[in-house]
Amino acid sequence: MALAAAGCLGACNTVSPLVTGSIPDRKPPMVVSDAERDCLGRAMYFESNRSDEGGLLAVGTVVMNRLEAAIFPGGICAVVGQPGQFAPGVLTKPMQERDLQKVADAADAVLAGERHPKVGKAMYFHTAGRHFPYKNMHYVAVAGGNAFYEKRDPRSAKPDEAAAAPPAAVATYAAAPAPPAQ
């Protein structure tokens with residue numbers, strides 16, 4: 001029984017399908033399967049380096065922002081499983097049993113419409129403390145060891161925004177953006 005619980009976020013604690021909440025200016029509530037809830041929780045858990053609620057919520061916000069964007073595939077598992085976007089093994093690595101309830105609660109909060117207040121509409125993040133030379137990265141928050149940013153056209157950004165470095169924070173493992181195709 002413990003082995004089965006370690007594989008998911010305690011799906012037995014929810015009624016399937018799970019209907020999510022909604023917040024202003026977002027999509028209306030959606031129906032989410034236990035598998036989709038698990039994919040969201042796994043991304044939040046591994047990408048936030050198992051951090052506090054703010055770090056979990058920030059990663060969950062990015063996943064939901066991507067879910068709403070036409071440039072990313074449909075469905076939470078498809079968004080999280082897209083090659084090169086999240087850490088390798090995020091959907092398959094084992095999670096620590098002691099963290100399952102915290103992650104399940106954070107995933108449920110995101111699915112109910114809660115978002116990290118500073119992440120806004122950002123769809124990208126990388127390890128905090130890293131610096132990249134791209135002029136289109138507008139940083140909005142640091143949480144869970146990650147720097148969250150929006151991609152903006154550098155020609156329309158204010159001079160101080162285009163060249164801004166990510167806020168300083170402790171470096172942890174997270175997905176880094178893929179370099180532009182050459």
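Which residues have the most contacts inside the largest nonpolar core? I put this question to a predicted model, and my entries follow.

**Entry 1: the core.** I looked up the largest nonpolar core and found that it has 42 residues. Those with the most contacts inside it are Leu40, Met44, Val63, Ile76, Val119 and Phe148. The largest share of the core comes from H3, which gives eight residues.

**Entry 2: helix H3.** Given that share, I examined H3 itself. H3 has 16 residues, of which 13 are buried, and I therefore recorded the helix as mostly covered, taking buried as under 20% relative accessible area. From its first C-alpha to its last, H3 reaches 22 Å. This is close to the 22 Å expected at 1.5 Å a residue.

**Entry 3: methionine 44.** I next asked which residues are in contact with methionine 44, leaving aside its neighbours within four places in sequence. I found Leu56, Leu57, Val59 and Gly60, and also Ala106, Ala107 and Val110. Met44 is itself one of the residues with the most contacts inside the core.

**Entry 4: the sheet.** I turned to the strands and found three of them in an open sheet, in the order E3-E5-E4. The pairing in this sheet is antiparallel. E3 and E4 are the edge strands, each pairing on one side only. From one strand to the next, the twist averages 30°. I also recorded that strands of a sheet pair through backbone hydrogen bonds.

**Entry 5: the E4 and E5 pair.** How many bridges join E4 and E5? I found six, in the antiparallel sense. I looked up histidine 138 in particular, and its bridge partner in E5 is glutamate 150.

**Entry 6: the whole protein.** I closed with the overall description. The secondary structure comes to six helices and five strands. From the N terminus on, I read the elements as α-β-β-α-α-α-α-β-β-β-α. Of the 182 residues in the protein, 45% are buried. I also looked at contacts between residues at least 6 apart in sequence, and 66% of these join residues at least 24 apart. The accessible surface comes to about 9300 Å². Carbon and sulfur atoms account for 59% of that surface.

Terms used:
Residues numbered from 1 in each chain as written. Predicted model: local features only at pLDDT ≥ 70, side-chain atom pairs only at ≥ 80, totals over all residues. Heavy atoms only, no water. Core = buried A, V, L, I, M, F, W, Y, C linked by side-chain atoms within 4.5 Å. Buried < 20%, exposed > 50% of the residue type's maximum accessible area, 1.4 Å probe, protein only. Helix = DSSP H or I, 4+ residues; strand = E, 2+ residues; numbered from the N terminus. Contact = heavy atoms within 4.5 Å. Expected span 1.5 Å × (residues − 1). Areas by Shrake-Rupley, 256 points an atom, 1.4 Å probe, with all protein chains shown as cover. Pairing = 2+ DSSP bridges. Axes fitted to C-alpha atoms, helices over the stretch in contact; angles between N-to-C directions.
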